[in-house]
Amino acid sequence: MAHASDPQAATSAAAAPDGPLTTADGKPLAWSLARSQARARRRAFFLVLPLLAFILITFVVPIGQMLQRSFYNDGFSANMPEISQWFAENPRGTEPNDAAWTALANDLLASAEERSIGVVGTRINYDVPGTRSLFTSTGRKVRRGIEPPYREALLEMDEDWADPQLWGAMRDASRPVTSNFYLAAVDRTRAEDGSIEQVEPRQRIYVMLFMRTFWLSALITFLTFALGFPIAHLLATLPMRKSNLLMILVLLPFWTSLLVRTTSWMVLLQQQGVINDILVWMGVIGGSQRLQMIYNQAGTIIAMTHILLPFMILPLYSVMRTINPSYVRAARSLGATSWTAFRRIYFPQTLPGLGAGALLVFILAVGYYITPALVGGASGQLISNLIAQHMTDTLNWSMAAALAALLLGSVLILYWLYDRLVGVDNLKLG
Amino acid sequence: MAVPSYATRLERVWHYTYLVLCGLIFFFLIAPIVVIIPLSFNTEPYFTFTEKMLSFDPEGYSMRWYDSLLTFGMSAPDGPRDASWWADSWANAKWVKAAKNSIIIGVFSTLLATSLGTLAALGLSRPEMPFRRAIMAILISPMIVPLIITATGMFFFYSNPCELLGLIGLPTDCGRLAGTYLGVILAHATLGIPFVIITVTATLVGFDQSLNRAAASLGANPRTTFFRVTMPLILPGVISGALFAFVTSFDEVVAVLFIAGPEQQTIPRQMWNGIREQISPAILAVATLLVLFSIALLTTVELLRRRSERIRGLTPQ
């Protein structure tokens with residue numbers, strides 16, 4: 001320990017006032033101190049090392065590995081080497097010649113024999129929908145035999161092989177490293193001449209979904225602020241005994257399972273549910289005009305506001321607790337109205353808590369999956385739901401990875417901001 | 001908080017409006033959780049209050065949905081309720097199996113997360129710790145990174161955990177972790193770790209390091225110092241961190257959806273299936289039981305927090 005060497009340093013300094021300071025065993029003090037500090041650093045680091053290694057192996061590396069798929073996909077290039085070679089040798093815009101058709105036929109035959117033709121077709125299917133079956137059916141036919149001239153033979157099997165869009169997609173897929181998935185994730189595509197253009201208006205879904213995710217998250221953050229601020233203020237100003245009791249009403253939802261709370265909202269909001277029943281009973285709406293409050297954006301907003309509200313209240317509360325009430329009293333005594341005192345004295349002091357809560361709620365909301373999937377319907381889906389859909393339904397894993405990379409990037413920027421403004425070690429739970 | 005004596009009439013009106021508003025917000029927080037409790041005793045398979053329930057007719061209420069938790073998935077649910085019926089339920093009923101799985105996975109992932117997390121928190125709280133901020137940010141990140149991204153990454157990693165060894169020329173095929181208990185336990189431990197770190201470092205902030213030095217100066221070795229001095233003092237924080245980790249695992253569904261096999265169905269996974277496919281009020285019975293469970297946990301954590309504050313010499317509340 002650095003402190004332990006201090007007394008020794010003092011004695012040796014007294015013994016030899018002119019030379020460099022040494023410890024009792026004659027080593028230079030600065031060296032000795034540096035060594036003991038290095039040892040303390042190592043000790044602290046070794047305590048953290050097992051967990052750091054665990055997180056790196058089970059969390060950081062898997063995510064990195066998954067993100068690699070967003071720009072690396074060798075489904076086509078690894079299984080179709082000859083035609084990939086031809087694409088590499090001939091610039092974009094070259095009409096496929098005999099050599100190209102021969103290479104294609106050879107690759108199709110080899111790939112069909114290897115039973116990898118499905119993978120190849122799937123890769124091209126990402127860029128030109130509907131082409132997977134073209135590959136698998138042609139694969140079956142070439143295994144029965146194919147004779148030169150290959151162009152005519154393949155076109156006879158299926159005339160779609162002449163489609164220039166298909167050849168463009170094959171050229172794009174002939175190199176394993178591609179930016180196409182990122183282009184697709186921002187609703188862009190590569191035209192036949194290689195330039196980048198927007199996809200058709202009715203296929204532009206990703207940018208819209210990102211915008212919706214950010215817009216809904218901002219709205220939910222604002223709603224949690226509007227609902228959480230008065231609650232946090234009340235809890236912070238009440239005497240401890242009362243506020244501890246009321247705090248349970250905030251902590252109970254916080255500790256209750258996410259699925260339980262989502263289920264509750266499904267029960268409450270359905271058309272035959274409790275809220276609609278009450279509204280009908282009160283005569284606010286007729287029995288036939290029951291409100292559609294769930295399986296749409298409204299469902300997502302209501303349920304997520306409820307679920308994320310404690311994440312706003314808790315940081316706000318812990319900051320408000322520390323605000324000295326005499327500042328507001330001083331302002332009042334100097335003639336400020338209660339509104340002015342709140343606006344100019346109290347509110348600015350709550351800003352650290354507000355920033356912490358708002359950033360946390362926004363970060364969590366942007367990545368939400370379960371609740372929108374259950375109560376969001378079609379219009380309440382967020383970007384997470386589309387990633388899940390690409391993972392489990394369309395099996396376009398590279399696309400899922402590209403969307404995940406964009407989402408992760410924005411979350412990490414916000415997290416960095418959170419760390420700068422609030423500090424991750426100030427994160428408190430309950 | 002009372003209205004100050006110098007308040008104007010308008011301020012008084014505002015003050016009471018404010019109290020009413022707060023009451024409504026508290027109602028918004030708590031009502032959705034409370035409302036499912038009576039509904040879970042509904043005799044009819046509806047998700048709303050029937051007329052019989054509203055008139056407090058005993059016929060409107062029953063335990064049938066709780067009973068169905070024991071029978072759903074059994075091979076002979078209608079038989080006489082003797083020993084073999086209970087054995088059948090224990091072995092086959094889907095909710096019972098899910099509960100067993102949730103507890104096994106929860107306990108082991110909690111043990112892993114708490115031991116590793118406490119050790120790391122001890123290191124992180126030392127003033128000499130290098131790269132403290134960056135390492136802390138990495139260790140907390142499983143809580144911040146969207147679950148779907150974590151689950152997707154884990155899906156590929158756990159299907160073939162040795163793929164990376166290929167980079168250094170080692171064999172790349174060593175079986176799957178996906179679809180095994182170990183895989184789910186590791187995944188849940190990863191997700192629970194931030195909560196342990198946050199809770200234990202928060203406890204260590206108030207920890208007086210001179211106590212350790214005193215023990216060392218009296219001749220205790222680091223091991224003894226840790227188990228006789230440090231551990232008893234930070235134990236409340238460690239336990240509440242463990243409870244957080246357990247709840248995280250107990251409530252986790254996204255990672256389970258991606259990496260668990262049919263053998264590792266947990267309660268949330270079973271609820272997810274129930275909500276998406278054959279929605280029955282049995283879900284409400286499960287939800288009610290989970291609410292009671294969270295009340296018990298919340299009480300424990302609150303008691304621990306107060307105990308920890310008392311030990312550290314803060315004002316008792």
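The legends below describe close-up views of a predicted model.

**View 1. Helix α5 of chain A and its buried residues.** Helix α5 of chain A covers residues 117-127, and its buried residues are A:I117, A:G118, A:V120, A:G121, A:R123 and A:I124.

**View 2. The surroundings of A:R123.** A:R123 is placed in helix α5 of chain A, and it counts as buried because its relative accessibility is 2%, where buried means under 20%. Leaving out residues up to four places away in sequence, A:R123 touches A:N73, A:G75, A:F76, A:A173, A:T178 and A:F181. From C-alpha to C-alpha, A:R123 and A:A236 are 58 Å apart in space, while in sequence they are 113 residues apart.

**View 3. Two crossing helices of chain B.** Two packed helices are described by the angle between their axes and the distance between the axes. Here helix α12 (residues 267-276) and helix α13 (residues 282-311), both of chain B, have axes that come within 10 Å and cross at roughly 150 degrees. The crossing in which α12(B) passes α13(B) is left-handed. On the side of α12(B) the contact is made by B:I267, B:M271, B:G274 and B:I275, and on the side of α13(B) by B:I283, B:V286, B:A287 and B:L290. Sorted by class, the contact of α12(B) with α13(B) has 7 nonpolar residues, 1 polar residue and no charged residues.

**View 4. Aromatic pairs, with one that joins two chains.** A pair of aromatic rings is described by the distance of the centres and the angle of the planes. Over all chains, the structure holds 32 aromatic pairs. One of them is formed by A:W265 and B:F28, whose ring centres are 5.6 Å apart and whose planes stand at 45 degrees, so the pair is tilted. Because A:W265 lies in helix α12 (residues 258-269) of chain A and B:F28 lies in helix α1 (residues 9-39) of chain B, the pair joins two chains. A:W265 is buried, with a relative accessible area of 6%.

View 5. The rings of B:F226 and B:F227 form an edge-to-face aromatic pair, with 5.0 Å from centre to centre and 80 degrees between the planes. B:F226 counts as partly exposed at 21% relative accessibility, and B:F227 counts as partly exposed at 48%. In chain A, ring pairs link A:F222, A:F225, A:F229, A:W339, A:F342, A:Y346 and A:F347 into a cluster.

**View 6. Spans of chain A that carry a UniProt annotation.** An unreviewed UniProt entry places the feature "domain: ABC transmembrane type-1" at residues 210-418 of chain A. In the model this span is 79% helix and 0% strand, and its end C-alpha atoms lie 21 Å apart. The unreviewed UniProt entry also places the feature "transmembrane region" at several stretches of chain A, including residues 298-319 and 353-375. Residues 298-319 of chain A are 100% helix and 0% strand, with end C-alpha atoms 31 Å apart. Residues 353-375 of chain A are 87% helix and 0% strand, with end C-alpha atoms 30 Å apart.

View 7. Most residues other than glycine have a negative phi, and most peptide bonds are trans. A cis peptide bond, with omega about 0 degrees, joins A:P148 and A:P149, and A:P149 is in the loop between α6 and α7 (150-157) of chain A. A:D187, which is not a glycine, has a positive phi near 60 degrees. A:D187 is found in the loop between α9 and β1 (188-190) of chain A, and at 3% relative accessibility it counts as buried. A:L395 is likewise not a glycine, and its phi is positive, at about 55 degrees. The loop that holds A:L395 runs between α18 (383-392) and α19 (397-421) of chain A, and A:L395 is partly exposed, with a relative accessible area of 44%.

**View 8. The contacts of A:M391 with chains A and B.** A:M391 lies in helix α18 of chain A and counts as buried at 4% relative accessibility. Leaving aside neighbours within four places in sequence, A:M391 is in contact with A:W397 and A:A400 of chain A, and with B:T152, B:F155, B:F156 and B:F258 of chain B. A:M391 and A:L52 are 339 residues apart in sequence and 28 Å apart in space, C-alpha to C-alpha.

Terms used:
Residues numbered from 1 in each chain as written. Chains lettered and ligands numbered in written order. Predicted model: local features only at pLDDT ≥ 70, side-chain atom pairs only at ≥ 80, totals over all residues. Heavy atoms only, no water. Buried < 20%, exposed > 50% of the residue type's maximum accessible area, 1.4 Å probe, protein only. Helix = DSSP H or I, 4+ residues; strand = E, 2+ residues; numbered from the N terminus. Axes fitted to C-alpha atoms, helices over the stretch in contact; angles between N-to-C directions. Left-handed = near helix turned anticlockwise from the far one by under 90°. Contact = heavy atoms within 4.5 Å. Nonpolar A, V, L, I, M, F, W, Y, C, P; charged D, E, K, R; others polar. UniProt positions renumbered as here; feature names shortened; annotations may be inferred. Phe/Tyr/Trp six-rings, centres within 6.5 Å; stacked < 30°, edge-to-face > 60°.
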